[in-house]
Amino acid sequence: TPPHQQSTLMRAFLVLAALATSSALKVAGPATKVATKVPAAKLPSSAASALALRGGGVVSGSVWLKSFSAFMGMYAVGFVLAPATVIEQNFDTPYDKYHLFISRLSGIAFLTLIYTFSTMETAAAVPIALTMACLTAVFGPIYAELKLETKPAHKMAFLMAPLIVSGFLAL
């Protein structure tokens, strides 16, 4: 690919990443409302009223969703803009054009999901994002550590663990 085409492609990806990131970090209310019914846990009345006062779970769902969006968004932007670097830093294997292709495609899918979560009601988005985080952890870093040749930098992916635990506290 000629350098000017690569530059144009890189600019397009940067614009997409900037739009997804700015949307994920906005503070305004959701664009769509999705009705959800979450069964109330049996808590003492003082704890229930304290949690109700702050809007729900032990961890704020909106804060958790923003943290999730930032964490996953950084990986996604890396997959889109610099897939070769992500592969080189994490795995003891050479990469080829097929690895680069599927990495960019995965990054775009993640950015699209992060944007979608930012347009949903927080109460509906948090359980879906938490499920995504759990499945991503199992089929991503955990599988890679058990079955693939990884480098020490790959252990950084296990920073997902506190994110997942806090996600359950946000339910």
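These notebook entries record what I looked up in a predicted model of a protein.

**Entry 1: the salt bridge**

I began with pairs of opposite charge. Side chains of opposite charge can pair when their charged atoms come close. I found that the count of salt bridges comes to one. It joins the side chains of Lys155 and Glu145, with 2.7 Å from N to O. I then looked up where the partners sit: Glu145 belongs to helix 6 (122–147), while Lys155 lies in the loop between helix 6 and helix 7 (160–169). The two residues are ten residues apart, and the pair links distant parts of the chain.

I next asked how accessible each partner is.

**Entry 2: a nonpolar patch**

I turned to the surface and noted a nonpolar patch formed by Leu135, Val138, Phe139, Ile142, Leu146 and Phe158. Together these residues have about 610 Å² of accessible area. I checked Leu146, which lies in helix 6. Leu146 counts as exposed because its relative accessibility is 68%, and the cut-off for exposed is over 50%.

**Entry 3: helix 4**

Which residues of helix 4 (residues 83–90) are buried? I listed Pro83, Ala84, Val86, Ile87 and Asn90. Viewed down the axis of helix 4, these buried residues fall within an arc of 165°, so they line one face of the helix. I recalled that an α-helix has 3.6 residues a turn, so residues three or four places apart point the same way. Finally, I looked up what covers the buried residues of helix 4, and the cover includes helix 3 (61–81) and helix 5 (97–119).

Key:
Residues are numbered from 1 along each chain as its sequence is written. This is a predicted model: local features need pLDDT of at least 70, side-chain atom pairs count only at pLDDT 80 or more; totals for chains, interfaces and linings use all residues. Side-chain values use heavy atoms; hydrogens and water are left out. A salt bridge is a side-chain nitrogen of Lys or Arg within 4 Å of a carboxyl oxygen of Asp or Glu. Helices (H or I, at least four residues) and strands (E, at least two) are DSSP runs, numbered from the N terminus. Patches are made of residues with over 30% relative accessible area and no salt bridge: like charges are joined within 9 Å, nonpolar side chains (Val, Leu, Ile, Met, Phe, Trp, Tyr) within 5 Å. Accessible areas come from the Shrake-Rupley method with a 1.4 Å probe; for residues, only the protein chains shown count as cover. Buried means under 20% relative accessible area, exposed over 50%, partly exposed in between (1.4 Å probe, protein chains only). The arc is that of the directions from the helix axis to the C-beta atoms. Contact means heavy atoms within 4.5 Å.
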